[in-house]
Amino acid sequence: MRKLLIDMAKSDTFEDWIANGQLENNLAIVQSLSMQGKSIAEIADTFGVSRRTFMYLQKKHLALKKAIETGRLSVVALCQNKLMERVTSGDTTAIIYALKVYGGEFFNDRKNVKSDFSSTAVAVQPQVQVYIPKQSE
């Protein structure tokens with residue numbers, strides 16, 4: 001808590017970036033670190049501030065939050081592209097996964113059922129029984 005108060009007592013890091021002409025460069029660094037999967041704490045550490053201060057700055061300055069979100073979304077887009085490459089190549093596992101994610105309720109193998117006792121949704125796995133007749137000799 002004391003470190004947070006000390007950090008907040010200092011000048012606003014984001015505004016310092018603006019004053020020093022480093023805003024665009026630092027936002028690009030934030031986005032790049034976000035794309036690499038770095039945590040908020042790791043990104044904050046790069047700029048010499050605490051995680052809490054960085055979270056505060058994110059709430060105060062939407063451009064900082066957007067840089068983080070853009071970095072994360074670019075990773076998601078990359079993964080989606082790779083998934084679709086696997087789907088178009090005929091990878092059965094990728095096809096099943098894509099159908100479950102993008103196919104809606106029809107392809108979802110988990111069904112939600114309301115309980116009469118608590119009126120909360122309960123996930124239920126479907127049970128499938130396969131009967132194989134005996135082969136005649």
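A nonpolar surface patch of about 400 Å² is formed by M84, Y97, V101 and Y102 in this predicted model, where a patch joins nonpolar side chains (Val, Leu, Ile, Met, Phe, Trp, Tyr) within 5 Å, taken from residues with over 30% relative accessible area and no salt bridge. Accessible areas come from the Shrake-Rupley method with a 1.4 Å probe. Helix 7 (residues 92-102) contributes the most to this patch, with three residues, and Y97 lies in helix 7; helices here are DSSP runs (H or I) of at least four residues, numbered from the N terminus.

| Item | Value |
|---|---|
| Helix 5 | residues 51-60 |
| Helix 6 | residues 62-88 |
| Packing angle | about 105 degrees |
| Axis separation | 5 Å |

Helix 5 and helix 6 are therefore roughly perpendicular to each other, a term for angles of 65 to 115 degrees. In their contact (heavy atoms within 4.5 Å), helix 5 supplies F54, L57, Q58, K59 and K60, while helix 6 supplies L62, L64, K65 and I68.

The structure holds four salt bridges, each being a side-chain nitrogen of Lys or Arg within 4 Å of a carboxyl oxygen of Asp or Glu. One of them joins the side chains of D12 and K60 at 2.9 Å, N to O. Because D12 lies in the loop between helix 1 (2-9) and helix 2 (13-19) and K60 in helix 5, this pair ties together parts that are 48 residues apart in sequence.

R86 lies in helix 6 and touches D91 and A94, residues up to four places away in sequence not being counted.

Residues are numbered from 1 along each chain as its sequence is written. The model is predicted, with local features needing pLDDT of at least 70 and side-chain atom pairs counting only at pLDDT 80 or more, while totals for chains, interfaces and linings use all residues, and side-chain values use heavy atoms, leaving out hydrogens and water.

Notes
Axes fitted to C-alpha atoms, helices over the stretch in contact; angles between N-to-C directions. Helix = DSSP H or I, 4+ residues; strand = E, 2+ residues; numbered from the N terminus. Parallel < 35°, antiparallel > 145°, perpendicular 65-115°, else oblique. Patch = residues over 30% accessible without salt bridge, like charges linked within 9 Å, V, L, I, M, F, W, Y side chains within 5 Å.
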